[in-house]
Amino acid sequence: MSDRLPFAAPLTVLVRDVASNMDRCERENHSQEIDAARARTQHDAYVKTLNDLGLDVHRIPADDTCPDCCFIEDTAVITGKNAVVTRPGAASRRHEIAAVRSGLNQWCTLHTMEAPLTLDGGDVLRAGNRLFVGTSSRTNPQGAEFLRKIAALDGLDVVVVNVRGGLHLKSSCTLAGPDHLVHFAGSLDITPFRDAGLRCTPVIEPFGANVLVLGPVVLVSSRSPATADLLSREKNIAVRLIDVSEFHKADGALTCLSIRIPRPGAWCT
Ligand code: CIR
């Protein structure tokens, strides 16, 4: 991965506010009640953290016909000058894309996916010039192949991997630094990531596997204290804990709450 662009925090991120009926979102496990008001408070704190880090945060208003709209990461994948506006795997989420398309228009050339293709941004992990794309219950192989064509326009390769547990690829693994992958122990085959030159660190907390790296700062869920402790021992990483517990109840975590727009001439996760 030596010929890649430099890794840097984004300047701009898109977020989408929490729908008042977020408790009607898609989710695997309905055992815990979701408190949409509390989710809003946590979302505000997430936005404030991004603002405090110097990022320019663009907020798209919530849409109460889309209970999952705050999980904006799933609706678009930016490859550079181009972006794919996805066709989310869950039919209930497909109305989310119209507002995201308008929000992204000013930054990228947009490419739209048609049926029967599906892709969720949570299944796409960027590492340098490579996109790892998970095929999952939300992303089908045709969706991954569509992304491969668009990614090639920006000089990126696609490596397709199989998601065998958890909702999305990034439910099981994310980058904690440009060459450093954290993954929920035993949840995926890390061979393709190792082969790409990534250092792979297992973590013992499921939500610890979804961290959000913004330059030298790594946001970690406060529900994953062991992961935070592990990453705090790394050189050149400043860990910030953030409470996204209401989003965890909806199978979401830190990355899914934003779309990061890379700086020109740089890449980010
Ligand atoms: C869903 O099931 O689609 C949402 N409740 C959660 C989506 C989480 N997205 C992500 O991690 N990228």
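This is a predicted model: local features need pLDDT of at least 70, side-chain atom pairs count only at pLDDT 80 or more; totals for chains, interfaces and linings use all residues.
Trainee: Which backbone oxygen does the side chain of Asn210 reach?

Mentor: The side chain of Asn210 reaches the backbone oxygen of Lys170, at 2.8 Å. Residues are numbered from 1 along each chain as its sequence is written, and side-chain values use heavy atoms, without hydrogens or water.

Trainee: What lies 2.9 Å from a polar atom of the side chain of Asn210?

Mentor: The backbone nitrogen of Leu254. Leaving aside neighbours within four places in sequence, Asn210 is in contact (heavy atoms within 4.5 Å) with Lys170, Thr174, Ala253, Leu254 and Thr255.

Trainee: Where does Asn210 lie, and is Asn210 buried or exposed?

Mentor: Asn210 lies in the loop between strand 11 (199-203) and strand 12 (212-214). Strands are DSSP runs of E with at least two residues, helices are runs of H or I with at least four, and both are numbered from the N terminus. Asn210 counts as buried because its relative accessibility is 5%. The cut-offs are under 20% for buried and over 50% for exposed, with partly exposed in between, using a 1.4 Å probe and protein chains only.

Trainee: New topic. What does a nitrogen atom of the ligand have 2.8 Å away in Glu26?

Mentor: A polar backbone atom of Glu26. With Glu73, a nitrogen atom of the ligand is 2.9 Å from an N or O atom in the side chain. Asp74 places a polar side-chain atom 2.8 Å from a ligand nitrogen.

Trainee: How much of the ligand's area does the protein bury?

Mentor: Taken alone, the ligand exposes 350 Å², and the protein buries 98% of that. These areas come from the Shrake-Rupley method with a 1.4 Å probe.

Trainee: Back to the protein. Where is Ala39, and what does Ala39 touch?

Mentor: Ala39 is in helix 1, residues 36-52. Not counting residues up to four places away in sequence, Ala39 touches Val18, Met22, Glu246 and Phe247. Ala39 counts as buried because its relative accessibility is 0%.

Trainee: And what does the side chain of Glu234 make a polar contact with?

Mentor: The side chain of Arg199, at 2.7 Å. Glu234 lies in the loop between helix 6 and strand 14, and it also touches His180. Glu234 counts as partly exposed because its relative accessibility is 22%.

Trainee: What about the phi of Asp251?

Mentor: The phi of Asp251 is near 65°, also positive. Asp251 is in the loop between helix 7 (245-248) and strand 15 (259-261), and it is partly exposed at 25% relative accessible area.

Trainee: Last one: is the peptide bond from Ala115 to Pro116 cis or trans?

Mentor: Cis, with omega near 5°. Pro116 is in the loop between strand 5 (109-112) and strand 6 (124-127). Most peptide bonds are trans, and most residues other than glycine have a negative phi.

Note on methods:
A polar contact is a pair of N or O atoms within 3.5 Å; within protein, one must be able to donate a hydrogen and the other to accept it, and residues adjacent in sequence count only if both atoms are side-chain atoms.
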